[in-house]
Amino acid sequence: MEQIIIKGQTKEEIYSELIPQIKSLIEDESDLIANLANVTSALKQAFPSFSWVGFYLAKGDELVLGPFQGKLACTRIKIGSGVCGTS
C-alpha cells in the first residue's frame with residue numbers, strides 16, 4: 001500500500017475507512033517503529049487538521065519520543081509529569 005484513500009467527511013466515516021487500511025498497511029510488517037511511523041503518517045493524512053500525531057514509548061520512568069508528524073516535541077517526559085506523563 002502506498003496511499004491512504006479517504007472519501008468520508010465525518011470523523012466516524014473517516015475512521016471506518018482508515019482502520020482497515022491501517023490494518024492492511026501493518027499486517028505484514030513486524031518492526032514496531034516502521035509500523036508506528038506508517039500509522040502516524042496515515043492518521044496525519046486522514047486528519048490534516050490534527051496539529052500533531054505520534055507516539056511516546058514507555059522506557060523506565062520516562063516516555064521517550066517515538067515516530068510522529070507535526071511540530072517538534074519533547075524528547076523525554078517523566079512519567080507523572082504534565083499531561084502526557086500523567087495520562
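I took buried to mean under 20% relative accessible area, exposed over 50%, and partly exposed in between, with a 1.4 Å probe and protein chains only. By that scale phenylalanine 50 is partly exposed at 24%, whereas phenylalanine 47 is buried at 5%.

I noted that this is a predicted model, in which local features need pLDDT of at least 70 and side-chain atom pairs count only at pLDDT 80 or more, while totals for chains, interfaces and linings use all residues. Residues are numbered from 1 along each chain as its sequence is written, and side-chain values use heavy atoms, with hydrogens and water left out.

Next I looked up the rings, where those of Phe, Tyr and Trp (its six-membered ring) pair if their centres lie within 6.5 Å, and planes under 30 degrees apart count as stacked, over 60 as edge-to-face and the rest as tilted. The search of the whole structure gave me 4 aromatic pairs. One of them joins phenylalanine 47 to phenylalanine 50, stacked at 4.7 Å centre to centre with 5 degrees between the planes. I also found tryptophan 52 and tyrosine 56 stacked, because their planes stand at 25 degrees with the centres 6.0 Å apart. Tyr15, Phe47 and Phe50 form one aromatic cluster.

Last I turned to the strands, which are DSSP runs of E with at least two residues, numbered from the N terminus, and which pair if DSSP finds at least two bridges between them. Strand E1 (residues 52–59) and strand E2 (residues 62–70) are antiparallel over 7 bridges, and alanine 58 stands opposite leucine 63 in E2. E2 also pairs with strand E3 (residues 76–78) in the antiparallel sense over 3 bridges.

Note on methods:
Helix = DSSP H or I, 4+ residues; strand = E, 2+ residues; numbered from the N terminus.
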